[in-house]
Amino acid sequence: MNATLGFRVKSGWAAAVLLAGPVESPQLLNRRVVQLCDPAIPESKQPYHAKMGTLQTDEAKIERLRKVISKAAQDSLSQLMKDFRSLGDFGSLSVPQIRRASLVVGSDIDPARIANDHIRAHALEGRLFRTVLQDALSSLGLHCSIIVEREIYEQAAAALKRSEKDLKRSLTQLGQSLNGPWRADDKLACLAAWLALA
């Protein structure tokens with residue numbers, strides 16, 4: 001049995017899903033929220049915002065916050081992997097070593113190409129949180145791929161040989177095995193993990 005991780009990266013956090021194969025009928029083992037910032041340092045959630053609508057230009061402050069964010073991501077991922085390894089058996093399943101992960105991101109646009117300072121701040125943060133999560137996964141020995149949200153269903157339909165409608169129905173059914181809400185970010189993380197199984 002293979003297992004993969006999927007993430008939907010947001011500003012300061014990510015939805016994370018642990019999925020086990022086979023690819024034809026995956027099983028959702030767990031889902032979590034992973035902190036990518038330090039809640040004790042509120043600026044670490046939006047390090048490129050100086051104040052509402054204004055781009056942060058203090059490079060020393062940005063660099064300090066990048067270090068905080070990088071440590072938070074590394075600590076969160078290490079704890080997530082520890083938690084997932086300690087989950088033990090899932091009935092007839094046991095959690096094997098996880099070697100692959102996929103990240104769903106909002107955009108892959110180059111922030112330098114964005115003229116509006118406020119929108120550029122969001123793009124810079126999107127790139128930063130994606131990068132620190134990818135680096136943390138790589139440091140744990142996980143191969144990681146990046147998928148842009150607007151392209152994921154098309155890619156998944158081709159790779160998994162299913163219609164988008166069937167994929168959406170299957171994702172809804174997978175979420176029924178969990179307690180609590182099964183949100184759009186969770187479904188995207190789950191689909192990313194499913195693609196990593198393929």
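Aspartate 186 is found in helix 5. This is a predicted model. Its open sheet has five strands in the order 3-2-1-8-9, with mixed pairing. Helix 1 lies across strand 1, strand 2 and strand 3, while helix 3 packs on the sheet against strand 1, strand 8 and strand 9. The largest nonpolar core holds 35 residues.

**Aspartate 186**

- Aspartate 186 has 8% relative accessibility, so this residue counts as buried.
- The cut-off for buried is under 20% relative accessible area.
- Setting aside neighbours within four places in sequence, aspartate 186 is in contact with Ala15, Val17, Arg31 and Pro181.

- Strand 3 and strand 9 are the edge strands, and each pairs on one side only.
- From one strand to the next, the twist averages 20°.
- Strands of a sheet pair through backbone hydrogen bonds, in either the parallel or the antiparallel sense.
- Strand 1 and strand 2 run antiparallel and are joined by seven bridges.
- Within that pair, threonine 4 has leucine 19 of strand 2 as its bridge partner.
- Strand 1 and strand 2 also form a hairpin, with three residues between them. Glycine 12 sits in the turn and has a positive phi of about 95°.
- Strand 2 and strand 3 run antiparallel too, joined by eight bridges.
- Leucine 18 stands opposite asparagine 30 in strand 3.
- The hairpin from strand 2 to strand 3 passes through six residues.
- Strand 1 pairs with strand 8 in the parallel sense, over five bridges.
- Arginine 8 has valine 104 of strand 8 as its bridge partner, and threonine 4 stands opposite arginine 100 in strand 8.

**Strand 1: buried on which faces?**

- In a regular strand the side chains alternate between the two faces of the sheet.
- Ala3, Leu5, Phe7 and Val9 point one way from strand 1. Thr4, Gly6 and Arg8 point the other way. All of these residues are buried.
- Seven of the seven residues of strand 1 are buried, so this strand is largely enclosed by the rest of the structure.

**Nonpolar cores**

- In soluble globular proteins, nonpolar side chains tend to be buried together.
- In the largest core, of 35 residues, Leu5, Phe7, Leu36, Leu77, Leu133 and Leu137 touch the most other members.
- Strands 1 (3-9), 2 (13-20), 3 (27-35), 8 (100-105) and 9 (143-148) each supply at least two residues of this core.
- What does leucine 137 contact, leaving aside neighbours within four places in sequence? Its partners are Leu5, Phe7, Leu77, Ala101, Leu103, Leu142 and Cys144.

**Helices on the sheet**

- Helix 1 runs at about 155° to strand 3.
- The direction of helix 3 makes about 105° with that of strand 9.

**Helix 3 with helix 4**

- The axes of helix 3 (residues 149-160) and helix 4 (residues 164-175) come within 9 Å and cross at roughly 95°.
- Helix 3 and helix 4 are therefore roughly perpendicular to each other.
- On the helix 3 side, Tyr153, Glu154, Ala156, Ala157 and Leu160 make the contact. On the helix 4 side, Glu164, Leu167, Lys168 and Leu171 meet them.
- The residues of this contact divide into six nonpolar, no polar and three charged.

**Helix 4 with helix 5**

- Helix 4 and helix 5 (residues 184-197) pack at about 110°, with their axes 10 Å apart.
- Helix 4 is therefore roughly perpendicular to helix 5.
- Helix 4 contributes Leu167, Ser170, Leu171, Thr172 and Leu174 to the contact. Helix 5 contributes Lys187, Cys190, Leu191 and Trp194.
- The residues of this contact divide into six nonpolar, two polar and one charged.

Technical notes: Residues numbered from 1 in each chain as written. Predicted model: local features only at pLDDT ≥ 70, side-chain atom pairs only at ≥ 80, totals over all residues. Heavy atoms only, no water. Axes fitted to C-alpha atoms, helices over the stretch in contact; angles between N-to-C directions. Helix = DSSP H or I, 4+ residues; strand = E, 2+ residues; numbered from the N terminus. Parallel < 35°, antiparallel > 145°, perpendicular 65-115°, else oblique. Contact = heavy atoms within 4.5 Å. Nonpolar A, V, L, I, M, F, W, Y, C, P; charged D, E, K, R; others polar. Core = buried A, V, L, I, M, F, W, Y, C linked by side-chain atoms within 4.5 Å. Buried < 20%, exposed > 50% of the residue type's maximum accessible area, 1.4 Å probe, protein only. Pairing = 2+ DSSP bridges.
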